Amino acid sequence: MAAGGSYSIVEYFGGDDGYRCGYCKHENGNLSHGMWSHNMTVQDYQDLIDRGWRRSGKYVYKPIMNKTCCPQYTIRCHALNFHPSKTHKKTLKRVNKFLSKGEMPVEKQDEEHEGVLEEIKGRLKPLSTILQRTVAIAAGKTQSFLSGEPMDSVHEEGIRPPPQVSLNIDHSEVQDVTASPDTDTTNSTPPTTPREDAAPAPAEKTSNVMPKPGKGADPSRPPCRKAKDIRKERRLQKDQQMQQEAVSSSPNPTPSKSSSSNQPKSLEEFITESLPNDPLHRLEFKRFLCDSPLEAETAPDGPDVGYGSFHQQYWLDGRIVAVGVLDILPSCVSSVYLYYHPDFSSLSLGTYSALREIAFTRQLQQQSPKLAYYYLGFYVHSCPKMRYKGQYRPSDLLCPETYSWVPIERCIPRLDVSVYSRLNENAQAGDARALKDLGRVLVLHRRTVMPYAAYARKRKGSNDEKEVEQYASLVGQTCAERILLYRA
């Protein structure tokens, strides 16, 4: 139950039928359990995603890890210890260069995500109207130019909507957040073109031509140097030049933190690097609560913005260019979805938004110390195009049997051998929140909350015990005693 006294209410649908996999294209190899969430507290959802569940709008699902063709492991990044990789730094510099100078990189499809966009286009056609309405609500005006891309691109293709919701639900409430999770867009880099000033290739030497004796190196030319040494010298010159400019522009100069130590630059420093005081373009961020099954909550030890689902809007020179959907939970920021203006796809906004969201998580952690993780959705090792989430390090994968977190470096060797693996190396470890007492599972029957034991006595001859037991074992004893399972 939430602090305000409300319950999470779900309907469980099981997961016996297979359906098409968006990763390997197997026609019926994708298997998952699912339930429709009429209402969900942020603590209940936090506990559910820590057991391998994930939401798509109000539909919450959990892959059947030991049976599905492409197992999907929940992945989280340690936001406080995160250091951007070389690819991440390039993306930040590309965006900053566009903001400061207006230079748009030439779009080039990243091999890592090749084919993902085509997969998403077909899947998102029936959702286009909903996405446009979402942006219209967020921006306060009609936006018909947006195209979407989930962080967890292809994995949502197989997710089917629940059959028939038996409660009277106003489905207009879910139109803002019906897109799928998580994590990422095409990472674009300029194509390589031959330099115009390149010197022509020298003619082939013949064995008959002998070098003239006594010549040696040309004394008028500088000695040959390694390219690595030249780049290092240029970086030092650039740093010295920046320090001199800072000293000349400041009446009371103070040495910067990065220049006074050998510590690597932080994520925040990379985000704001090279931005002049008067850039050509201005990128602003606005955050609003949006509709989802999660209840908006506040807590004395929570962040100032509170908990719940949010639209994080990216405004460029007064024009909305991207919208990210985030779930702010007690222990993490969970990335749900991102969609953006197609004119800016070459800026790799999926990667850029993920880095921004990690920085936002670090900001929230200063207000709420236990909020220290950034969840990227699912990591799919069996699909090479989806391994990019493992680049946000340090990160952990969730063990599908013990529901404990294991550093990804220890998981990769196991996943290289088998697509499904018990990631926890301790053979004695088990599920700390395993189902122990079915009778204590809470159900909602005829608007009355009761434990399953009382419901079973009241409904003599009920044949749903196996279904309730399966549901309770998947959500765990703790959640089963808090979440209301709807019974007709």
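The model is predicted, with local features requiring pLDDT of at least 70 and side-chain atom pairs counting only at pLDDT 80 or more, while totals for chains, interfaces and linings use all residues. Residues are numbered from 1 along each chain as its sequence is written, and side-chain values use heavy atoms, leaving out hydrogens and water.

Me: Why is Lys67 called exposed?
Reply: Lys67 has a relative accessible area of 59%. Exposed means over 50%, buried under 20% and partly exposed in between, with a 1.4 Å probe and protein chains only; Lys67 is therefore exposed.

Me: Which residues is Lys67 in contact with, leaving aside its neighbours within four places in sequence?
Reply: They are Gly29 and Leu31; contact means heavy atoms within 4.5 Å. Lys67 itself lies in the loop between β4 (59-63) and β5 (73-78), where strands (E, at least two residues) and helices (H or I, at least four) are DSSP runs, numbered from the N terminus.

Me: What makes β1 and β16 a pair of strands?
Reply: Two strands pair if DSSP finds at least two bridges between them. Two bridges join β1 (residues 9-14) to β16 (residues 484-487), so these parallel strands pair. Ile9 has Leu484 as its bridge partner in β16.

Me: How do you know that the span of α2 is close to the expected one?
Reply: The expected span is 1.5 Å times one less than the number of residues. Helix α2 (residues 86-101) has 16 residues and reaches 22 Å from its first C-alpha to its last, close to the 22 Å expected.
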